[in-house]
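The following exercises concern the geometry of a single protein model. Please inspect the sequence and the structure before working through the solutions.

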Amino acid sequence: MFHYLFTNDLRIRNLDEALHDAGKCFAQGRVPSADTDKNANNNMNTLGFYFNLTKDSQCALDCADGNIRRVVLNFIKKFQFPNPRTKDSFQLAVEDGITIAPMRVILQVLYLLHMTGLSQEAYLTVDEIAQFIFFNPDAAKKRQPDLAGIVRKIKEFRRSGMRTGFLSDDDREMEQKGCYWKQCKRQLREMVKVLCWSGCVQETRKGVIEIYHEGLTQENKADLFDILTFTGMWTPKEYFSRREQETRSVEFEEWERLFGIQHAGAGKSTDSQESPEAKESRRHRENLEAIEHMNFQENKRAYQRYMDIEPENPPGAVFREGGMQPDMAFTGEAGGQLSLHMDRNNTDKNNTDKNINKSPLQEPVYRTGLLAEFDRNRIVFGAPGTGKSYRLNQDAQALLKNTSGTMERVTFHPDYSYAQFAGTYKPVSDGGAIEYRFVPGPFMRVYADALKSGRTDSPQPHVLLVEEINRARVAAVFGDIFQLLDRDAGHVSEYRIQASEDIRRFLAAELGGQPQDYPWLCLPDNLFIWATMNSADQGVFPMDTAFKRRWSFEYLGIDESQELAQGYRIPAGMGPGRRYVNWNRLRRGINQILAQECRVNEDKLLGPFFLSKNMLEGALANEDAFVRAFESKVLMYLFEDVMKMRPGNIFKGHKGLMIFSEICRAYEDQGEGIFGLDFSQEEQMPYKEGI
């Protein structure tokens, strides 16, 4: 005989939402009680059993984190009969000798049909699933079912031209065939719906089930491969079988009849009122029930441990070797046995950004395995003109070389906001009526690009470069994105954050699927956020320690890039007294006075490119313009920012009023002499590298 029990209420239409809510309730220990909300309690406990949601299970945590498909694929892989859904169904399945993981057997049979015949033969009907899998001893009562034999029987039956007509909506008619499964047809349909929801198969208009996994990510395909090759089964612990219990019960009933023991009121009796025989009978029954209950509970706990998922960090992460995830190829061998091989050279030709956006089932891939020598969260800081932007620009070019990766640059300022950084609704006109649409900011644009790339077989790096990061209130600009900056050893966000409804809709439009497919934000390992910071600027906003510890800081010393500025000669002064000096020598002379005599911190000194490269290269092309630019940039900076309270300490050669106009006039007359420096011999000296 075959005894089965399943459910009609897995709520497939909104399974992701239902499992997400149930996962949170189980993980947080707040499943509604039957007294509070009986319907919610029943629904959650049903989902809890089949998808292994408990307070301590990884399955519950994954559902709470939004990794729904991973939990469903685990259910397809491991769900089996016997299982401890109820004590009676458990005992009956054990006594029948049933040992089957039906969901994965259905998939295995479909793939074997595909490999051993024509593609149009690679399907199953619900009737065939019932007759040749659930109610076939070669499939349902063997730990290792005869898959080749099942496929052979199905093909022979189809060639005979007969229709199975095996399933019936009448439970009594099914029982006459030895099939004890209430609402069998309806509950089988529920299983098929789960398989279709998972993205492994689809149901055609003809009502048949066939292979379909074009919407699966590489991670999901790896899970599917695991399902097809998995052979594990949970074995219940031995316990008193129903037959043993019935035998013992008959013996005790006969013994109790001989002694005239009545049990109608036994529950109200006390030890003093019972005869020794009645007391012995009651204690025996209670012990038998207690042992039976203990065995069932122990089996239930063991089954839960078997059904759980191994934890990952972050859950659902996929690792690729060298940026590539092997594709799956399925081949048939002699005897029709199932053999699966991994082909590392095949690439999915349909796996392009265009097709990805059309796929409703691809989940984001955060752990792409992209290798890079650069830190993901990186701030380069130093004195003005040390080449911070230049350094990051060069590193970005090196990172993106020979890739299709992208870089977006944004400059922070005091009024910059989270809405500008992440995105917000704005009025948009396409030449007609004005309407409000969500307009993504630079962060969300680069984030979407990184997720698109992560789904492909060759993930590319994507860089968001923030100039002057400390010129805005970074805590306000980053908002909850701040939490994502905490990355684990694999460069993926250690903690995820909830995505707003606007962002979910944007990601669905960019990446495909529905908004509910993107409940979380998590930085992938192919997204780089780099920034420059000039701590010498006045009016900047300080960063708190919690924000700073999420970045790697790289300090550029005051002379870090001086070799790039060695050859520039600039005019100093106006008129006939003008001299030509080496810019780097003048800069270092000024810095020496500031550092040694004025005790100025390094971040206030002049970097090699305090004056831009274009200015230095054009210094001799328009000398008067350069001198005026020198006054407005170098002299103004020293007068206003560095030595505002003690200008006489740096402008030592000026003996007049310490006002800016007089200082500029003195520079035009004296050149570098205004600083107490004398480079008068430099004109006659040949230029030497390193001066």
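**Exercise 1.** Leaving aside its neighbours within four places in sequence, with which residues is Asn43 in contact?

*Solution.* The model is predicted: local features need pLDDT of at least 70, side-chain atom pairs count only at pLDDT 80 or more, and totals for chains, interfaces and linings use all residues. Residues are numbered from 1 along each chain as its sequence is written, and side-chain values use heavy atoms, with hydrogens and water left out. Contact means heavy atoms within 4.5 Å. With neighbours within four places in sequence set aside, Asn43 is in contact with Asp9 and Arg11. Asn43 is found in helix α2 (residues 38-50); helices are DSSP runs of H or I with at least four residues, strands are runs of E with at least two, and both are numbered from the N terminus. Asn43 has a relative accessibility of 11% and therefore counts as buried (under 20% relative accessible area, with a 1.4 Å probe and protein chains only).

**Exercise 2.** Determine how the axes of α4 and α11 cross, and list the residues that make the contact.

*Solution.* Axes are lines fitted to C-alpha atoms, for helices over the stretch in contact, and angles run from 0 to 180 degrees between N-to-C directions. The axes of α4 (residues 68-78) and α11 (residues 184-198) come within 10 Å and cross at roughly 135°. The two helices are therefore oblique to each other (angles under 35 degrees count as roughly parallel, over 145 as roughly antiparallel, 65 to 115 as roughly perpendicular and the rest as oblique). The contact is made by Ile68, Arg69, Val72, Leu73, Phe75 and Ile76 of α4, together with Val194, Leu195, Trp197 and Ser198 of α11.

**Exercise 3.** In what order do the strands of the five-stranded open sheet occur, and which helices lie across them?

*Solution.* The order is β9-β12-β15-β8-β16, with parallel pairing; two strands pair if DSSP finds at least two bridges between them. At the edges stand β9 (406-411) and β16 (552-556), each with a single partner strand, so one side of each has no neighbour in the sheet. Neighbouring strands are turned by 20° against each other on average, direction ignored. Within the sheet, β8 (residues 377-382) and β15 (residues 527-533) pair over five bridges, and Phe381 has Met533 of β15 as its bridge partner. Helix α16 (residues 388-400) lies across β8, β9, β12, β15 and β16, at about 165° to β15. Helix α18 (residues 442-454) lies across β9, β12 and β15, at about 165° to β12.

Technical notes
Buried means under 20% relative accessible area, exposed over 50%, partly exposed in between (1.4 Å probe, protein chains only).
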